[in-house]
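Please open the model in your viewer and keep the selection tool at hand. The tour below moves from one selection to the next and says what is to be found at each stop.

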Amino acid sequence: MNMDDLKLSCHELSLPVTEKCNPISRDIDRVNGKQMVQILRRCDAEIFEKKDHDPFHQRLYSSAVIQTMVDVAKRVEMMLRDPEESVIVLSGCGTSGRIAFLLTSFNEMMKAQKQKQICSYIIAGGDRAMLTSQEAPEDDPALGAHTLEKICAGKKHVLFIGISCGMSAPFVAGQLDFCLQHLDIFTPVLLGFNPVHMARSEPMQGCSFHFKDVAERMTAEQRHEKAFVLNPVLGAEAISGSSRMKGGSATKIILESILLAGHEAAFRGKRTTPECISGWITASEMVYETTYSHSDELAALIHQAGESLRMKAHVYYIGWGTLGIIGLTDASECVPTYGADFDDIRGFINNGFREMKNKEGDLSCLGPEFVIGHKDFVDTILPSLSQNDMVLFLFAVNDDLHEVTALADQVRRRTSNLHAIAHDLEKFTIPETVCNMFGTILRITWPFSSEEVNSVVMRQRWELSTKWCLNAISTGAHVLKGKVYMNYMIDLRVSNSKLYTRAINILQRFTGCSKSECVRALLRAIYSTEDLSEDMTSADVWKHTDAANRRDRVVPTALVMIQCGCTLTEARHHLDCHPVIRDAVNACFNSSKTKSTVD
């Protein structure tokens, strides 16, 4: 190992697991669609890894993690047995908040039992954060605590589950701190995927505590079963730091397992045991195996989406029910993750916000990002649809297939670039006449169970499968477009403190420069100046992120400035000449005659 590689390895060691570079996907920017699917498959397999390669890191199947899930499921059971006085609150930021919203479909099971629906969600930034990036509220712990206090007013028993994949979100930290101060009412649960000692320890806006402090207090209270920490290690993300992928999938798997086990105990008399919880996780592992068994179709969809983005065209997800919500979620996450435009990949759902059933109702008046109904697609997108635009339908056999067929027929009159991800059941399949309407159809036929044809459980499996597919498609498309360098999302939008820290880590990773040098280059790119004033360098991080949120190509610009030792104007010229970031960086390496630290 040469000195540069040694420096990079040492830098990696200092990072939390969720921010590390995954060696499996190190060369994901150099492979074709089929190879990309296999890389993503291997990365997602780490969710279910049973071997403890590191005795200090618990895995999802570790006995301690399973037992904590059992303990939390028993709290769910208690809440369900006393619904009038109880509420279960799921909360998070970004991806975590969107998964929290999706999981409130658990209320449908309560409705079927003619019981009070007690599951609620909080997402930092409110309902608009489900469709657009609302990063600033994530950095406000006081806002988190206030939002939780408001939603739980008058309740005697609250099970609060705060989701922060990297164990770093101040919004969630503020809520957990509030719970710890009121343990007579709240049972707080922290769900994340770093060991407690790797939780974020930087100061938070207006607070005397940091996330690591909260996580350590939670761990102390767990000894008395007054709080719980669920933090299995999943391995690094396929795209470094992109917790929308493994983190989002594992969040869904863990919390659905807990909620379903609690429900079965409350209404079917099934005792919650480690074997019961393991069974639910194993069912999700079966969904993983089934989904990735369709690798050829998935690779074809990745290729098609990549071609659309490379030609500056668009990808449209047209979904039904909760599969439509999965599509909306995946599309919205591409903007902060890859610095994409909101209309590069867009999602639409049947009946718009009526189908979403979100707390704040119809948000379509807020702007084009919130125009999400199928009718909106037909009225505003379809007339100008081109052959280069990809349209991807997301539906299941129990959706309105007449509606699916009618809309597909309308799209086919404009373009043949129409594809689908479809779910059906043995003995209850989608007619071939419907399947034949699509160019590539990733059709998954699931084992038949008469009890599950219309059940929430089967729908949850379809959701998870669709999530894995769309994560692969949108990730692969942006990789093919050139938005990723190795397995780092270099062109991320630096819109909150977590992403500000990540941006500095990326610059250090690729340049080997000191933190102070990287910070200075980043600030030059953020404030678009060669001469940083004292006010700029001494400002709080939230002021930097507020300014950065209005800038494009912040991290690539800073990277090129460092590598070339060039001015801001020259760095932007490099990027204008080479829109694909990897090409710009390679051109920079060549022009400066600097040996690449990554090749």
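Begin by selecting Arg524, which, leaving aside residues up to four places away in sequence, touches Thr529, Glu530, Leu532, Met561, Cys566, Thr567 and Leu568, where a contact means heavy atoms within 4.5 Å. This is a predicted model, in which local features need pLDDT of at least 70 and side-chain atom pairs count only at pLDDT 80 or more, while totals for chains, interfaces and linings use all residues. Residues are numbered from 1 along each chain as its sequence is written, and side-chain values use heavy atoms, with hydrogens and water left out.

Arg524 is placed in helix 19, residues 515-527; helices (H or I, at least four residues) and strands (E, at least two) are DSSP runs numbered from the N terminus. Arg524 counts as buried because its relative accessibility is 15%, and buried means under 20% relative accessible area, exposed over 50% and partly exposed in between, with a 1.4 Å probe and protein chains only.

Next, select the open sheet of five strands, whose order is 7-6-8-9-10 with parallel pairing; two strands pair if DSSP finds at least two bridges between them. Strand 7 (345-349) and strand 10 (441-446) are the edge strands, each pairing on one side only, and the twist from one strand to the next averages 15°. Strand 9 (residues 418-425) runs parallel to strand 10 and is joined to it by six bridges, and His423 has Ile444 in strand 10 as its bridge partner.

Which residues touch the most other members of the largest nonpolar core? They are Phe393, Phe395, Phe438 and Ile473, in a core of 138 residues; a nonpolar core is a set of buried Ala, Val, Leu, Ile, Met, Phe, Trp, Tyr and Cys residues joined through side-chain atoms within 4.5 Å. Helix 17 supplies the largest share of this core, 12 residues. Domain 1 (63-272) and domain 2 (282-485) both give residues to this core, so it lies between them; the domain bounds come from an automatic or database domain assignment.

Finish at strand 2 (residues 119-123), where five of five residues are buried.

Definitions and conventions. Axes fitted to C-alpha atoms, helices over the stretch in contact; angles between N-to-C directions.
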